[in-house]
Amino acid sequence: MNKLIIPAILFILLSACSQKERLEYPHYDIELSLLPAEQYISVTGSWKIPLEPGNGTIEFYLHKQLEVKQLLLNGRDINRLSVEESDISYMPDAKKYTIKTGSLRNRTATISFNYDGRITDWNEESSSVIGEEWTEMGSSFPWYPYSTDYNPFSYEVEILTDGNLCTFMMGSETRDDYYAIYRAENPTNDMVVCAAKDLKTISSNQYRCNFKLAHTSFSEEFTDTLVSDIEAILGLFNNWFPPGNNKICLVESMRENGRAYTRLGGIYLPGFDESNYYKLRKHYTWYLAHEIAHLWWYRANSNTWEGWLNESLAEYSALRVLRELYGQQYFNEWIEAKEQKSEGTAPVWQLNCKGGQALTILYDKAPLLLYELEQKAGTHSFELFMWSLLRHKASTTEEFLNILEEKQGKEVKEWFITRLKEA
Ligand SMILES: [Zn+2]
């Protein structure tokens, strides 16, 4: 071998190794002691964040009832820390922490933390709860330092319990009676801890997808029905959309209040009832399809009006599933109902996400605009457009409109803007 080639190969190998060492995603390493009957948690851990040059602050949120005992930045006390009320509407029970990092030499911040507390306060619509019967803790009451900036992330969480609790989180699981370790290697955007005395988990593989179902109340027959209904929905989405997350889970949430939600790789659904499911199967298909669609449609910021992208694309994808599975007439009934509900509502453009009409605009009015677009463009072109939005990871209205212009021309783009701005 040529003497020059060996150093060249060595150089390539070494630089590949050092690149691998550089953190690709933020990563959490957490030990969580969980006592749901006392609504008590105790958390120690570290959070590694790759920082962009010039990035001098780190903001995160924690539930207001958690008492911070230690907070270190790269092993040192933090001098410049401020704590304020939450400014995020879906986290009303959180406090916002801001750390001024200054310029860090290695561009990786490691925040070490230790805190504990009894969490007894959450708002009625919260999708996070803690209690003896059911625990489901995610970002809506942030039990871990949650940041909208350092997202998605990977994690390793060890949950310690008193031995009478079954737990579930996204990711691979190693468990014994008193502990369970979860590793999410696929980056995700929340750490949802579920726990109950009788929580069961089943696993299956389909469409190159590893699927897990965590539940407490389902019969075996019902589990089979549910898995096959989900397979049908995933089959359609895998035809229409580029490959999505290949590891997903669905959790039967035992909450009494709060809505269903989807995180990258996980769907959390309250309000499942077996006998109701068989009676209202088409309606449940819609419910499942909307949430499963969010495995693809999640990139817009839901805290702003841009959230219309997430919701309308997920909802219209769900309506298309209904059309495929139950026919045009059933689809038309949904369209008509949405037309009636949307009458007299404000424009989608710059919609007020906290306003009284927000849900109607997001779930009824905006999907109707996509329906109009599909009619105007034709089904095949519309599918290519959706594919392109996903391929380009579109996350803003501007990106959506640019891709629309690229695929359908300036005139269609201008028409769509007018429709977005119309009451
Ligand atoms: Zn949704």
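**Strand pairing and helix packing in the predicted model**

Strand β6 (residues 81–85) lies largely in the open, because the number of buried residues among its five is zero; a residue is taken as buried if 20 or more other C-beta atoms lie within 10 Å of its own, as exposed if 12 or fewer do, and as partly exposed in between, with C-beta atoms placed from the backbone. The structure is a predicted model, in which local features need pLDDT of at least 70 and side-chain atom pairs count only at pLDDT 80 or more, whereas totals for chains, interfaces and linings use all residues. Residues are numbered from 1 along each chain as its sequence is written. Strands (E, at least two residues) and helices (H or I, at least four) are DSSP runs numbered from the N terminus, and two strands are said to pair if DSSP finds at least two bridges between them. By this criterion, β6 pairs in the antiparallel sense with strand β7 (residues 94–100) over five bridges, and E85 has K95 in β7 as its bridge partner.

R183 has its place in strand β13 (residues 179–188) and is partly exposed, with 16 other C-beta atoms within 10 Å. The C-alpha atoms of R183 and V157 are separated by 6.6 Å, although these residues are 26 residues apart along the chain. When residues up to four places away in sequence are not counted, R183 touches E156, G171 and S172, contact being assigned to two residues if their C-beta atoms, placed from the backbone, lie within 7 Å.

A further open sheet consists of three strands in the order β9-β14-β11, with antiparallel pairing. Here β9 (135–137) and β11 (166–168) stand at the edges with a single partner strand each, so one side of each is left without a neighbour in the sheet. Neighbouring strands of this sheet are turned by 15° against each other on average, direction ignored. Between β11 and strand β14 (residues 193–196), which run antiparallel, there are three bridges, and T167 stands opposite A195 in β14.

Among the helices, the axes of α5 (residues 308–326) and α7 (residues 358–377) come within 8 Å and cross at roughly 70°, where axes are lines fitted to C-alpha atoms, for helices over the stretch in contact, and angles run from 0 to 180 degrees between N-to-C directions. The two helices α5 and α7 are therefore roughly perpendicular to each other, a term covering angles of 65 to 115 degrees. The contact brings W308, E311, S312, L313, E315, Y316 and L319 of α5 to L362, Y363, A366, P367, L370 and Y371 of α7. The residues of this contact divide into 10 nonpolar, one polar and two charged, with Ala, Val, Leu, Ile, Met, Phe, Trp, Tyr, Cys and Pro counted as nonpolar, Asp, Glu, Lys and Arg as charged, and the others, Gly among them, as polar. The axes of helix α9 (residues 397–408) and helix α10 (residues 410–421) come within 7 Å and cross at roughly 140°.

Terms used. Angles under 35 degrees count as roughly parallel, over 145 as roughly antiparallel, 65 to 115 as roughly perpendicular and the rest as oblique.
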